[in-house]
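Q: Please take a close look at the pairing of charged side chains here. Follow the pairs through in one connected answer, and carry on from there to whatever they lead to.

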Amino acid sequence: MQAIQKPRGTNDFFNTSALLLNHTENIIKAVVSKYNFSEIRTPLFEYTELFTRGIGTETDIVSKEMFSFEDRGGRSLTLRPEGTASVVRAYLENKLNSENAVNKLYYLGTMYRAERPQKGRYREFRQFGLETIGSSSPLADVEIILLNLHVLKSLGIENSKLYINSVGCKKCKPNYEAALREHFKSEFDNLCGVCKVRYEKNILRMLDCKEETCKKIMSNIPKFEEHLCEECATHFDTVKKELKNNNIEYEVNPMLVRGLDYYTKTVFEVQSSLLGSQSAILGGGRYDYLIGEFNNGHDIGAVGSAMGIERILLIIESLNKKNEERLDVFIVAFEDTAYKVMPLAQSIRENNFSVEFEYDIKSIKSQFKMSSKKNARYTIILGSEELTKGKCKIKNMDTTEEKEINITDIKDNIK
Ligand code: AMP
């Protein structure tokens, strides 16, 4: 009999991976407490209608990624594909606004989407989510961005990039959509089938298209920033100003519109170059009209985000691997300095750094290639001219900075 395996796109956590998962969740909880967000836990499944109404039938999630099934009474249930709709449902059902005008909530839990699995994209995955409900202030948007960046920093994840954009409100979205429609009009015949449908039904979603021909057509699109109404423009300006005030670097990305229909005003995403094709670590934005959808049109300002925990684990694993396998110093020499390599290597090794070099002197290019292959942090270049002055060159292989130093100062230059 064939052994039963886990369903496609799911993961088991045990031993070190379970420890790493717990460590990550504990750090998240510690940071969250500094911002006074409180935990909310909602069911793993909800009535399907919650997601179709909340996320929008035109989205990939609702149109093709939901795990839905019928209960015994024939009512359709769905494994939650994201957290916001459930949090909003719980907020209204439990009248959370009766105690506090502003509710700052966080969740950690599994989400389910029938996507095609690949590295960083699974059918069962974990999200850390934040929702600030009850405020229209741009400061709430910025606080959520800061909290997320604080978590990344506490986890030692630094080389990530923050992208922001504004997708306006009911007043200005139609102006931008009209500008986009005009922009794509002459190229309509060259768009892919999906984009042709989106052009008619939901033109903003065209910006998510991954087809190469469409991507080319989408370069030079009009910027939403230039079509915002006064209120949305002021909101966006404040977000940018506050990010600067807090020394946060960002880039405005006009292509960033996010896959879910409910976003208004601020949208943001953090990406990491360490993740390959699934580069988004987290995303979020303001959703001022979602609550009204479930609340007889009574809108309440809200903003939220969701971070992919498995992607965090992938980054931490790749950083750990990089650190573990690093050589401190690789020495590059020439024919006339080869005799100096071994004593120099020994003196650096005696200072507790790992050192390697080529036994046979090869071209500089091939020695540098070897240095990169060994994942050296520093390369020391021993040239005869420098050597006669008691000096050498040292190159930081991460920053590519190269400088001349005294041979006696090598250990002070290796951090
Ligand atoms: P979204 O809810 O689509 O805005 O996604 C928020 C974050 O969750 C993304 O930036 C990813 O880090 C993560 N994420 C989304 N979908 C998946 C998936 N299928 N597998 C793993 N992580 C995911």
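**Salt bridges and the ligand shell**

A: Glu 386 and Lys 393 meet through their side chains in a salt bridge, at 3.3 Å from N to O. The term stands for a side-chain nitrogen of Lys or Arg within 4 Å of a carboxyl oxygen of Asp or Glu. The model is a predicted one, in which local features need pLDDT of at least 70, side-chain atom pairs count only at pLDDT 80 or more, and totals for chains, interfaces and linings use all residues. Residues are numbered from 1 along each chain as its sequence is written, and side-chain values use heavy atoms, with hydrogens and water left out.

Buried here means under 20% relative accessible area, exposed means over 50%, and partly exposed is in between (1.4 Å probe, protein chains only).

In general, side chains of opposite charge can pair when their charged atoms come close. Over the whole structure, 27 salt bridges are found. One of them joins Lys 185 to Glu 182 at 4.0 Å, N to O. Both residues belong to helix H6 (residues 173-185) and stand three residues apart, about one turn of the helix. Helices (H or I, at least four residues) and strands (E, at least two) are DSSP runs numbered from the N terminus. Lys 185 and Glu 182 are both exposed. Elsewhere, salt bridges link Asp 60, Lys 64, Arg 198, Arg 205 and Asp 208 in a network.

A further salt bridge is formed by Arg 126 and Glu 310, with their closest N and O atoms 3.1 Å apart. Arg 126 lies in strand E6 and Glu 310 in helix H11 (residues 309-324), so this pair ties together parts that are 184 residues apart in sequence. Both ends are buried, Arg 126 at 15% relative accessibility and Glu 310 at 7%.

E10 gives the largest share, three residues. By class, the shell holds six nonpolar, three polar and five charged residues; Ala, Val, Leu, Ile, Met, Phe, Trp, Tyr, Cys and Pro count as nonpolar, Asp, Glu, Lys and Arg as charged, and the others, Gly among them, as polar.

Of the 14 residues around the ligand, those that come nearest are Arg 113, Glu 115, Tyr 122, Arg 258 and Ile 281; a residue is near if one of its heavy atoms lies within 4 Å. A polar side-chain atom of Glu 115 is 2.6 Å from a nitrogen atom of the ligand. The backbone contributes as well: an N or O atom of Ile 281 lies 2.9 Å from a ligand oxygen atom, and a polar backbone atom of Gly 308 is 3.3 Å from an oxygen atom of the ligand. The protein buries 90% of the 490 Å² that the ligand exposes when taken alone, areas coming from the Shrake-Rupley method with a 1.4 Å probe.

Cysteine pairing is a separate matter. The structure has zero disulfides, a disulfide being a pair of cysteine sulfur atoms within 2.5 Å. Cys 209 has its closest cysteine sulfur in Cys 195, at 3.7 Å, too far for a bond.

Notes: A polar contact is a pair of N or O atoms within 3.5 Å; within protein, one must be able to donate a hydrogen and the other to accept it, and residues adjacent in sequence count only if both atoms are side-chain atoms.
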